[in-house]
Each structure stands twice: as C-alpha cells, then as structure tokens.
Amino acid sequence: MSFPLEFSDLDLWLAGTAIILFLTSEMLSPLYGRSNIHINNKRLRNAAKAVLILFLASVVIRIISTVIAG
Amino acid sequence: MQLKSNPAKLVPPAILSAGSIALALSINYASSILAFIGLGLVFWGGLLFYIRPERYVKEALLDKMALPPLVSLNEIMTGLGYKSKGIHLPPKYFTNFESAKVYFSAENNAKLPSPEEMQKNENRVFLKNPDGILITSPGFELTELFEKNLGTNLTKVDLQYLEKNMPKLLIDLEIAQKVEMHSTDSRVNVKIEGSITKGICKEIGRLSSICGSLGCPLCSSIALALAKATGKPIIIEKGLASEDGQILEIEYRLLEEPPEKTR
C-alpha cells in the first residue's frame, strides 16, 4: 500500500489549482465591481500565493534533480 | 425559539470528510484517480474553512445604528447655536497625537486658535477665548482602520500618497464601488459612488449641523486623513449627495493656519 501519485502528478495538480485560485480571486475582486459572494478575498489570494509558491518550489526541485542527473 | 442552522456551514466539513475517505481508498486500491479526487476535495474543504466570510452587517441595520448619535449631535449643536463649519484639526494641535477632533467656533469666520492655545484646552469640550467647542470626529475610528490597512501612520505620508491610495483603499474595504480624488491648490475634491453610507447621507442631508459641516463618518474620516497627511486644518466646504444617495461629491478646503507666535 503506497500513495498512488508521483511527484510529477502533484506538480501538475499544484499548477492547475494555483491558476484556478488566482482566476477566482481576481474575478471576485471588488475592483471589478462589488461581488455578492461574501468570502474573505484576501485569504483566497493568500491561499493562491501559497499554492503558487509550492508549485514554483517543485519546479526548482525538478530542475535541480535534472541538472544533477545530467 | 430555535435558531435556524446555516446549511452553508456544513459544506466544508462534508467536502473534507469525503476527500479524506477518497484519499484513504486511493491508498487502499492504488488508484491515482481516487487520489486526485481526494486531494482536490481535501484541499477545497480546507480552503472553504479558511476563506469563510467575515461577519457582515446588513446596510439597513448599519444606517439605523449610526444615525441616532448624529441626530443627537445635530440637536445639541443647533441648541447651542453653533452654525459655523467644523474644522478637522491635524495632530499638531494636540499633545496626544492620537486625538482626532473637530473644532466649531461660536462665531462664523472667527480665527482658529493656534496649536499652542488649543493644546492648553485639548481635554475640554467647551472652549473660551475664542468661544468654541471641540468634539471627537465621527470618522475617528474609520481613519484608524485606514491607517491599519495602509500599514502606515497618515502623518508620515503626503497628499499625493493619499490621492493615489485612498480610492483603492475605500474600494478594497468595500466602503464604496468607485472613488475619485483630486487636489487643486488648497482644495481636494472627492467623488464617491455606491458608498455604504448612502442611507446615512440621505438622512443627514436634513441635519443642518452635520451635513456639509461635520460630515458623516465617511466624509469626516477622509477629512481627518487629509488633516493628518497635510498637517493643515480641513473644512468640509461642500457635501452633495445625489437624490438616491448613490453619488456623493465632497469638497474639502485646506485652511491656512494662524501665524506662529514669536517668542
């Protein structure tokens, strides 16, 4: 019994999630007209940033591992 | 009487539980599809917990709560015969720099006391020689909120900074939908559209000592911010609200101060 996802799968998932979160936070921004969805927009943006950083970190890890292997 | 439970509150734990089960099953059956589903559900369940809305107050309730103190203030000032315009004073007029007060002179066009004279009487409400009253601005707390959100003390910034950042701040705080701010010489014009205080503005238009003098909490908070940034006393020269209260146009005037006493 092991976790069925590999590093590359998680990488792709993080990228997709970061894009969705950024688009959502941008669409709900009060700068584009007041939204009636009452969520904490600042926190949504923070979550998007955190996921993006995780994705970028995974990209860096991948580059380093490729350089070392090459 | 039983309070109704909010079904929206049950969504995040339900998603989180479903995600956890899917993740556990994915490990058991070595299924990557189940793992993706589980990961997504756990993430969004957690995220929904995190981005839960802040508590909102209904606009009608806000109006009903904010209006009575302003009506009382108007009655007191009308009763005392104060008809001059309120002057929002910058911090240098007080020994306590956190003070945010408005000065009303007993006579129209009377000279504003110097900072030194004001500092001697800053804890009093009724002032003598010249006669006047000193009250805390209704926008005092709102100005503190502006400072907290901008992450700076407004005494450390200038008018250009306010012109650039105040409109964005008011929109970010969901106080208004659109804000414009322009300064020319000794005047600053602010146009606010879709403000949350539109109900209050509509009502206090009838209060002679408040509208266009002391201002509603929002107008007064902007006057205080201007006073802090420019270091000059500020008067609300004009305050015009459209019929439905949607558009608010305010003109602020920066006062020239009395010359400092020679020692």
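Predicted model: local features only at pLDDT ≥ 70, side-chain atom pairs only at ≥ 80, totals over all residues.
Residues are numbered from 1 along each chain as its sequence is written, chains are lettered from A and ligands numbered from 1 in the order in which they are written, and side-chain values use heavy atoms, with hydrogens and water left out.

Reader: How many salt bridges does a search of the whole structure find over all chains?
Author: Side chains of opposite charge can pair when their charged atoms come close. A salt bridge is counted when a side-chain nitrogen of Lys or Arg lies within 4 Å of a carboxyl oxygen of Asp or Glu. Over all chains, the number found by the search is 10.

Reader: How many residues apart are A:Arg62 and A:Asp11, which meet in a salt bridge?
Author: The side chains of A:Arg62 and A:Asp11 meet with an N to O distance of 3.3 Å. Helices (H or I, at least four residues) and strands (E, at least two) are DSSP runs numbered from the N terminus. A:Arg62 belongs to helix α2 (residues 41-69) of chain A and A:Asp11 to helix α1 (residues 7-27) of chain A, so the pair links distant parts of the chain, its separation being 51 residues.

Reader: Is A:Asp11 buried or exposed?
Author: Buried means under 20% relative accessible area, exposed means over 50%, and partly exposed lies in between (1.4 Å probe, protein chains only). The relative accessible area of A:Asp11 is 10%, and therefore A:Asp11 is buried.

Reader: Which residue forms a salt bridge with B:Glu237?
Author: B:Glu237 is partly exposed, because its relative accessible area is 22%. The closest N and O atoms of the pair are 3.6 Å apart, and the partner is B:Arg187.

Reader: What is the relative accessible area of B:Asp185?
Author: Most residues other than glycine have a negative phi. Phi of B:Asp185, however, is near 45 degrees, a positive value, and B:Asp185 lies in the loop between β5 (178-184) and β6 of chain B. B:Asp185 counts as exposed because its relative accessible area is 82%.
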